[in-house]
Amino acid sequence: LRAELEADPFYHLCCITGVRRGYGTKIEWHHNFIFAGRQVNERWCILPLLKSVHAEANNRAVREKLDWVMLNRADEATLRRYSKAVDLVHRRDELNAKFGHYKVKL
């Protein structure tokens, strides 16, 4: 999976700020989803973040944006598979109403 993510241009820029990885700019991969007590190691829930944004990942406003990006990267079948305690399709729709539909920046 690491090699796939490294080859994908999406993982070379921060999904929140749009800042591209480069000299002096570090992009870290954030596992944004925990299911059944374990972090999920799938493409849709691993998000590229600037180091400074990653440091703020537990901030409520940042967390909400991360969830918005993550939920828009998954297909509906995947979201339904993981919708146990929380209806992830409904949560995605709530966040889309608040922020609009997420567009991948490349």
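Mentor: Ring pairs join Phe 33, Phe 35, Trp 44 and Tyr 82 into a cluster. Rings of Phe, Tyr and Trp (its six-membered ring) pair if their centres lie within 6.5 Å; planes under 30 degrees apart count as stacked, over 60 as edge-to-face and the rest as tilted. The model is predicted: local features need pLDDT of at least 70, side-chain atom pairs count only at pLDDT 80 or more, and totals for chains, interfaces and linings use all residues. Residues are numbered from 1 along each chain as its sequence is written, and side-chain values use heavy atoms, with hydrogens and water left out.

Trainee: How many aromatic pairs does the structure hold?

Mentor: The structure holds nine. Phe 33 and Phe 35 form a stacked one, at 6.3 Å centre to centre with 25° between the planes. Phe 33 and Trp 44 form a tilted pair, at 5.4 Å and 50°.

Trainee: Where in the chain do Phe 33 and Trp 44 sit?

Mentor: Phe 33 is in the loop between strand S1 (27-31) and strand S2 (34-35), and Trp 44 is in the loop between strand S3 (38-39) and S4, 11 residues apart. Helices (H or I, at least four residues) and strands (E, at least two) are DSSP runs, numbered from the N terminus.

Trainee: Is Phe 35 buried or partly exposed?

Mentor: Phe 35 counts as partly exposed, at 26% relative accessibility. Phe 33 is buried at 10%, and Trp 44 is buried at 7%. Buried means under 20% relative accessible area, exposed over 50%, partly exposed in between (1.4 Å probe, protein chains only).

Trainee: Changing topic, which residues of H5 are buried?

Mentor: In H5, the buried residues are Leu 88, Val 89, Arg 92, Leu 95 and Asn 96. They lie on the same side of H5 because they cover an arc of only 125° around the axis; the arc is that of the directions from the helix axis to the C-beta atoms. The face turned away from that buried side carries the exposed residues Ala 97 and Lys 98.

Trainee: And what covers the buried residues of H5?

Mentor: The cover includes helix H3 (60-73) and helix H4 (76-82). Glu 64, found in helix H3, is in contact (heavy atoms within 4.5 Å) with Arg 91, Leu 95, Lys 98 and Phe 99, leaving aside its neighbours within four places in sequence. Glu 64 is itself buried, with a relative accessible area of 17%.

Trainee: What comes just after H5?

Mentor: Gly 100 does, with a positive phi of about 95°.
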